[in-house]
Amino acid sequence: MSDETDIFDELQNFFESVSPKIAKNIAENGNSSKWLSSLQILAQSKNCECFIEDGKLVIFSEEKTDYPIIYAALREFMPWRKGPWQILNIDIDTEWRSDLKWDRFAKFCDFSGKKILDIGCGNGYYAYRAAIEGGAKFVLGVDPSIYSYFQSQIAAKLCPQIPVKIFPLAQKDLPQNLPIFNVVFSMGVLYHHKNPIGHLSHIYELLAKNGEIILETLIVDDKNFSDGFCPKGRYAKMRNVYEIPSIKKVENLLNSLNFKEIKLLDVTKTTNQEQRKTAWMTFESLEDFLDKNDDSKTVEGFPAPTRAIFCAAKR
């Protein structure tokens, strides 16, 4: 029995239980038919390779493609937020240079042969990097965004040989106790939870013994907010930010849940080099979220976005 078959056996009940919800979520989205049509156009390309080049997730085919048709199909999936990608010779300059974040944490990690869960995976950029570059055995990604799901299905259709599966689901749709994952990614999710300790506790129950969490979150690194803060109203124009913790508070949360080997891997202030408008994401971005006269503050007057990456292991 292959390793992949073993994994599917472990997850079979989960896949079967969520299939009706996935079908319902897709059917109820008004853009699904448009995205399905574009996906069918792209899926006509055969014998594709998938690899990483200069941080780009590249999907390449030696077969000749009609550039205007492929370009138009890819534009239907806008906005493109996580990347960069190069799909069938077309560069997609995404809002986020997710490769920069990857470089900040992946050098500390060993993904080879691991079973990985990516919560809030977006279009699967990190999931595919973990599988292609990191050598993961299998990556399961979940994200409630239907448009992100359809973006992820481009790679799924063109490169089915990559051991990644992504579903349009929220964390709450995952089993409560299925300790089979060696690594769980929580990237930019914690501060969107009203109950952050519940988010982390659920992850603990999904990790195998000695499994690791890679936790990336907004933090506040300011002596005036030693325990973090809960923004009233919006933060950087985002509605659903419930709490931005301090570094110490994140470490205390992980410690309270019995995680061990808690490490702070990186702290980086978000800049326009990492998050910005592009031709593939034309809505507001970081420059619109900061005070025009003082980029150390958001438009609401809070400390500007700074992000930290932690890792910790299950006992």
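In which sense do strand 7 and strand 8 pair, and over how many bridges? The first legend answers this, and every view here comes from a predicted model.

**View 1. Strand 7 beside strand 8.** Strand 7 (residues 115-119) and strand 8 (residues 138-142) pair in the parallel sense, over five bridges. Look for Asp118 and you will find Gly141 of strand 8 standing opposite. Strand 7 is mostly covered, with five of its five residues buried.

**View 2. Phe105 in the largest nonpolar core.** In soluble globular proteins, nonpolar side chains tend to be buried together. Here the largest nonpolar core has 88 residues, and those touching the most other members are Leu74, Ile87, Phe105 and Phe185. Let us zoom in on Phe105. Leaving aside neighbours within four places in sequence, Phe105 is in contact with Phe111, Tyr126, Phe185, Met187, Ile214, Leu265 and Ile309. There is also a second, separate core of ten residues, which includes Leu218, Ala236, Val241 and Phe302.

**View 3. The largest pocket.** This pocket has a volume of about 1,300 Å³. Its lining is made of 46 residues, and Lys82, Gly188, Tyr191, His192 and Met238 are the closest to its centre. Several helices take part: helix 4 (98-105), helix 6 (146-158), helix 7 (196-206) and helix 9 (286-289) each supply at least two lining residues. Sorted by class, the lining holds 18 nonpolar, 17 polar and eleven charged residues.

**View 4. The largest cavity.** Two cavities of 30 Å³ or more turn up in a search of the whole structure. The largest has a volume of about 50 Å³. To find this cavity, look for its lining residues: Leu190, Tyr191, His193, Pro196, Glu243, Pro245 and Leu253. Five of these count as nonpolar, one as polar and one as charged.

**View 5. The second largest cavity.** The volume here is about 30 Å³. Around this cavity you can pick out Leu218, Ile219, Val220, Phe229, Tyr235 and Ile244, together with Pro303, Ala304, Pro305 and Thr306. How many nonpolar, polar and charged residues does this lining have? Nine are nonpolar, one is polar and none is charged.

Note on methods:
Residues are numbered from 1 along each chain as its sequence is written. This is a predicted model: local features need pLDDT of at least 70, side-chain atom pairs count only at pLDDT 80 or more; totals for chains, interfaces and linings use all residues. Side-chain values use heavy atoms; hydrogens and water are left out. A nonpolar core is a set of buried Ala, Val, Leu, Ile, Met, Phe, Trp, Tyr and Cys residues joined through side-chain atoms within 4.5 Å. Buried means under 20% relative accessible area, exposed over 50%, partly exposed in between (1.4 Å probe, protein chains only). Contact means heavy atoms within 4.5 Å. On a 1 Å grid over the protein atoms alone, a cavity is a set of points where a 1.4 Å probe fits but cannot get out, and a pocket is an open set with protein on both sides within 12 Å along at least five of seven lines; lining residues have an atom within 4 Å of a point. Grid points are joined across faces, edges and corners, and a volume is the space filled by probe spheres set on the points. Helices (H or I, at least four residues) and strands (E, at least two) are DSSP runs, numbered from the N terminus. Ala, Val, Leu, Ile, Met, Phe, Trp, Tyr, Cys and Pro count as nonpolar, Asp, Glu, Lys and Arg as charged, and the others, Gly among them, as polar. Two strands pair if DSSP finds at least two bridges between them.
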